[in-house]
Amino acid sequence: MTGSPKGGRRLRAQGPGFAVALLVSVIVGGTLSLRWTEGWSLWQAFYVTILGITTVDVPPLSRAGEVVTVVLLLAGVGAALYTFTLLATVVVEGGLPKRLQRRHHQRMLEAIKDHFIICGYGRIGSTVAHRFQRQHVPYVVIERDPERLHAAIDEGSLAVEADASREDVLKRAGIERARGLIAAVGTDAENVYAVLSARVLRPDLFIVGRAETEDATIKLKRAGADRVISPYQIGANHMVQTALRPAVVDFVHLATSSERLDLSMEQVHIRQDSSLANHSIVDAGIRQRFGVIVVGIKRAGGAMEFNPPPEAIMRAGDELVVLGRTDSVRALEKEKGAVA
């Protein structure tokens, strides 16, 4: 309790009242000192004191001119100090940096392309963002909770504080240029609205939705989600597989984990102009030329072929699921007409 008055006096001593009192004290002290040392009148001593404080040299003037000069000097110096104080406050307290940061943030949002939009930065959304960061995949986070938004920004994410179900917000996040959208907001209802809004704006966008219940899974698919993920169901299946087939789970984890930089499992899309189209796996020499294994082919019609034979024909629109060293997979992705 004894520290409060001292703290209050300290704050008041640093305020504008203290500044005014200090200035008045200097003027009064200077005036009285000059009157005593030089024998001048109070006005002459006061006038010279003002000239000395403002460091201004003026020619001899009449009494009226001296009065005007004093007023001008005090008003001018006061206005200048007030302006400089405001500018310093803007810089010191972060006003200017914040404006520059907002402009830089807006420019980044306008320039980003071929990215993912992550709706929600909770446990699922933050994990997705971290994986994207490790794999150098561009993304934008949409989160309306200020604390989570600041956490996303502090961890290096490009983020927007808003409701992910609003179309204007999705446009601000660059949905026209986006590669895909991941709806991982807190509730199933919010995810359904986010997916629906995104599908209206981009009928061709790849959308992944998170669902907690079976009913939400159905609704998300109806709203336009291409894939629906249930973390609880996947977690339970993973625990069962780990208990029954730990070696298989370890291998899949190594093949798909972003921490394993020398091994990669990727999908490669076969376009119409691809040099791989209409050739068999063995004729294309994928294993010999690139050193990767084709573990599956997802046909353009949606059928999945696991462990396809060497004679399997690759056609335009197919997706190859390949496993190999990261540099080998990247070389295959750069093959003419084949894109990851």
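This section describes the sheet, the cores and selected helices of a predicted model. Residues are numbered from 1 along each chain as its sequence is written, and side-chain values use heavy atoms, with hydrogens and water left out. Local features need pLDDT of at least 70 and side-chain atom pairs count only at pLDDT 80 or more, whereas totals for chains, interfaces and linings use all residues.

Six strands form an open sheet in the order S3-S2-S1-S4-S5-S6, with parallel pairing. Strand S3 (158-160) and strand S6 (227-229) are the edge strands, and each pairs on one side only. From one strand to the next, the twist averages 20°; axes are lines fitted to C-alpha atoms, for helices over the stretch in contact, and angles run from 0 to 180 degrees between N-to-C directions. Strands (E, at least two residues) and helices (H or I, at least four) are DSSP runs, numbered from the N terminus. Two strands pair if DSSP finds at least two bridges between them. Strand S4 (residues 180-183) and strand S5 (residues 206-210) share four bridges in the parallel sense. Here isoleucine 182 stands opposite valine 208 in S5.

The largest nonpolar core holds 30 residues. Such a core is a set of buried Ala, Val, Leu, Ile, Met, Phe, Trp, Tyr and Cys residues joined through side-chain atoms within 4.5 Å. Buried means under 20% relative accessible area, exposed over 50%, and partly exposed in between (1.4 Å probe, protein chains only). Ile117 and Leu181 touch the most other members of the core. Strand S1 (116-119), strand S2 (139-142), S3, helix H8 (167-172), S4, H9 and helix H10 (214-223) each supply at least two of its residues. H9 gives the largest share, four residues.

Helix H9 covers residues 188-201. Its 14 residues should span 20 Å at 1.5 Å a residue, and its end C-alpha atoms are 20 Å apart, which agrees. The expected span is 1.5 Å times one less than the number of residues. Buried residues of H9 are Asp188, Asn191, Val192, Ala194, Val195, Ser197, Ala198 and Arg199. An α-helix has 3.6 residues a turn, so residues three or four places apart point the same way. The cover over the buried residues of H9 includes S1, H8, S4, S5 and H10.

A polar atom of its side chain lies 2.7 Å from the backbone nitrogen of valine 185. Leaving aside neighbours within four places in sequence, asparagine 191 contacts Ala183, Ala184, Val185, Arg210 and Leu220.

Other helices show local detail. Serine 126, in helix H6 (residues 123-134), is buried at 14% relative accessible area. Its side chain places a polar atom 3.3 Å from the backbone oxygen of arginine 123. At the start of helix H7 (residues 146-154), a side-chain oxygen of aspartate 145 reaches to within 3.1 Å of the backbone nitrogen of glutamate 147. Glycine 156 follows H7, with a positive phi near 95°. Phenylalanine 290, in helix H14 (residues 286-290), is buried at 10% relative accessible area. Its C-alpha atom is 5.4 Å from that of serine 328, 38 residues apart along the chain.

Technical notes
A polar contact is a pair of N or O atoms within 3.5 Å; within protein, one must be able to donate a hydrogen and the other to accept it, and residues adjacent in sequence count only if both atoms are side-chain atoms. Contact means heavy atoms within 4.5 Å.
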